Amino acid sequence: IGYPFGKLDIIAVPEFGYGAMENAGAITFRDVLLLLDPATTSIDVRRMSTSVISHELAHQWFGNIVTPAWWDDIWLNEAFATWMEYHIVQQVRPDQAADLQRADQALDAMERDALPSARQIRQPIDTNDAIYGAFDGITYAKGMAVLGMFEAYVGADSFRKAIALHLTKFRFGNATAEDFFASVSEGTGKELTPALRSFIEQNGLPQVELSLACANKESPKVTLRQSRFLPILEAGDTKHHWQIPVCVRSDASQACWMLDRVDQTNALHTKTCPKWVMPNANAIGYYRFALDADALRALVTAAADGKLAQTETMALASNVRAGLYNGTVSARAALDAATVFLRSNNHQVVSFARDILVTIREIIDAGMLGKFEMWTRTMLPADISLEVIAGEDDERHLTRVIRAEIAIVLARDQALRTKAQKKGELALAALEKGQPLGSVISIDLLPTVLSTTLDVGGPQVHERIAALLGKTTDSALRRYLLLTLAYSHDSGLAEKSAELMLDPRVRSNETRAVLFPLSHTRETRPVVWRFVQTHFDDYIAKVSLLHQGLTPLLTADFCTPESVNEVEHFFVPKLDTMAGGARSLLVATETISACAAMANTQRDSAHGVLWGFKPPRT
Ligand SMILES: [Zn+2]
């Protein structure tokens, strides 16, 4: 189906409040996504640029050729554009590992979908507020993941034919989800409507519990059992039921089934008992999985031995962290697994290891932080270089960047921090003279490295960074300077950083880049909270309508039951001033409760690991 609009322009707009807007034939983008300097742009920004451009191009078909009849079906635009995005990137830029980015985004959606109040992909819309709420990770990423799962289930060719049929049938008209379900069933010759509805018109996230039984001379039997994934103590509707395409891979075989009952036992096509079983082959299924402790350990060992696909190791790592929240994985098992993930060659897997560590850091007593840092330092590979390495491939580079962040920010590795501080000083001086960073440091390492210079130099260095923000219009560089401010754990500096968000040197669409990361860290979170309470009106006046509604999420990383009351008390009277604020507030309070319950369940286990830990003698 050809491009129908005659011409196509892409236009960079400074201070654009959104990522991009897919106007037919004239797409507007936030400047940072289009105005890239090949010499200085980070891998991260380059990838984001390719993805967003692909996404907006896809909208010319999904949105502009066929338009949803009403806002409840905005997923027919956004889920499809996101799903197409990865197909396009995979073809035009195979070096950007679209399959890994896809898996990463799908796993991220599962985090949001775990809350009791999670939105449906197709959610009735009866207020203007609800329209704002619809542009979230559920619509985009869960929608994309669900489409990808059914695409894999029917086969890519068959699915493509069904989509083409749909676009032809409704060309320059409006379509609803029902129309789309009918097109899929007609185009693929399979009645998939009930299965699709179970994901698109029902909220929440399925968990598939897998158990394996091996008997002599018989094919091993796999029992799958579905339930709703919910954090400990969260009161959500547990009567949810899905029709889930499940694919299971082991060292001996692979098999796929439609899990449409609560539990189901199937035989594997092999006679040998598998050493390990991966309950979500290629991480294409939209579900969490649970295994008993031995089976989990076997799967982590398989990952360590390189037996899993990269997407599978990502799904495993993400599952391990999620398991802390619903109690299917202990802190001890999660930390054991993290030692394997920290050594992965895939930067997303290392990022999941970091997320596990950040979660544990959050729930341990303050007196245990030193032990935690020592543990983390010991588990990291020793040779973390901060140098610019010519010709280094993207994945290797990104992995090194994330390990350096863990070593410097989480493990407080003193030797590395000293090196970083000197490099940060050089980088800052170069930037002040308007010189390229060149051989000093690669741009993606700038926030990590410069944050150590900031920690040592204090308010004086803070002011130098602020002055640079007043000078440079390079959006990508600005992004990294802002992130630098967020990497400091110093609460005094965090206060200055928060205040800076109201300064004209910081653009309205940049405030989040500092406040959200600062809110993720136990030392600086109270500062952000005080800032929001003190400067609420000024903050709301500065940010875009969409971001106003997200303000309550700045409190979502609190982890005690008392915080829930405090946060509600403050925001409830203000909900009228924030479009979509009610939903964000609910997400924030549910996230806080989930963390508090998880902390109570897992704290002793985490302390046990750290108490028992003896650093190796050097
Ligand atoms: Zn879009």
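Biologist: Are histidine 55 and histidine 59 buried or exposed?

Modeller: The model is a predicted one, and in it histidine 55 and histidine 59 are both buried. The label applies because buried means under 20% relative accessible area.

Biologist: What makes these histidines donors of the zinc ion?

Modeller: The zinc ion is coordinated by His55 through NE2, His59 through NE2 and Glu78 through OE, at 2.0 to 2.1 Å. A donor is an N, O or S atom within 2.8 Å of the metal, and therefore these atoms qualify. Water is not among the atoms, so the site may look incomplete.

Biologist: Why is the contact of lysine 221 with glutamate 218 called a salt bridge?

Modeller: The closest N and O atoms of lysine 221 and glutamate 218 are 3.3 Å apart. The rule asks for a side-chain nitrogen of Lys or Arg within 4 Å of a carboxyl oxygen of Asp or Glu, so the pair is counted. Lysine 221 is partly exposed at 33% relative accessibility, and glutamate 218 is partly exposed at 42%.

Biologist: How do you know that glutamate 387 and lysine 423 form a salt bridge, and what does the pair tie together?

Modeller: Their closest N and O atoms are 3.4 Å apart, within the 4 Å of the rule. Glutamate 387 lies in the loop between helix 14 (369-379) and helix 15 (394-410), whereas lysine 423 lies in helix 16 (residues 414-432), so the pair ties together parts that are 36 residues apart in sequence. With a relative accessibility of 42%, glutamate 387 counts as partly exposed. Lysine 423, at 12%, counts as buried.

Biologist: Why is the pair of arginine 396 and aspartate 393 called a salt bridge?

Modeller: The closest N and O atoms of this pair are 3.8 Å apart. That value is within 4 Å, so the name holds. Arginine 396 has a relative accessible area of 58%, and because exposed means over 50%, it is called exposed. Aspartate 393 is partly exposed at 41%.

Biologist: How many salt bridges does the rule give, and which residues are linked in a network?

Modeller: The count comes to 37 salt bridges. Asp72, Asp73, Arg122, Glu178, Arg197 and Glu201 are linked in a network of such bridges.

Biologist: Let us turn to the cysteines. What makes cysteine 214 and cysteine 273 a disulfide?

Modeller: The sulfur atoms of cysteine 214 and cysteine 273 are 1.8 Å apart. The torsion about the S-S bond is about 80 degrees, so the disulfide is right-handed. Cysteine 214 lies in the loop between strand 6 (206-213) and strand 7 (221-228), and cysteine 273 in the loop between strand 10 (263-267) and strand 11 (277-278), so the pair ties together parts that are 59 residues apart in sequence.

Biologist: Why is the disulfide of cysteine 559 and cysteine 595 called left-handed?

Modeller: The torsion about its S-S bond is about -90 degrees, so the disulfide is left-handed. The S to S distance is 1.9 Å. Cysteine 559 lies in the loop between helix 23 (545-548) and helix 24 (561-571), and cysteine 595 in helix 25 (residues 581-611), so the pair ties together parts that are 36 residues apart in sequence. At 14% relative accessibility cysteine 559 counts as buried, and cysteine 595 counts as buried at 7%.

Biologist: How many disulfides are there, and what is the pairing in sequence order?

Modeller: The count comes to 3 disulfides. With the bonded cysteines numbered in sequence order, the pairing is 1-4, 2-3, 5-6.

Notes: Residues are numbered from 1 along each chain as its sequence is written. This is a predicted model: local features need pLDDT of at least 70, side-chain atom pairs count only at pLDDT 80 or more; totals for chains, interfaces and linings use all residues. Side-chain values use heavy atoms; hydrogens and water are left out. Donors are N, O and S atoms within 2.8 Å of the metal (3.2 Å for Na, K and Ca); water is not among the atoms, so sites may look incomplete. Buried means under 20% relative accessible area, exposed over 50%, partly exposed in between (1.4 Å probe, protein chains only). Helices (H or I, at least four residues) and strands (E, at least two) are DSSP runs, numbered from the N terminus. A disulfide is a pair of cysteine sulfur atoms within 2.5 Å.
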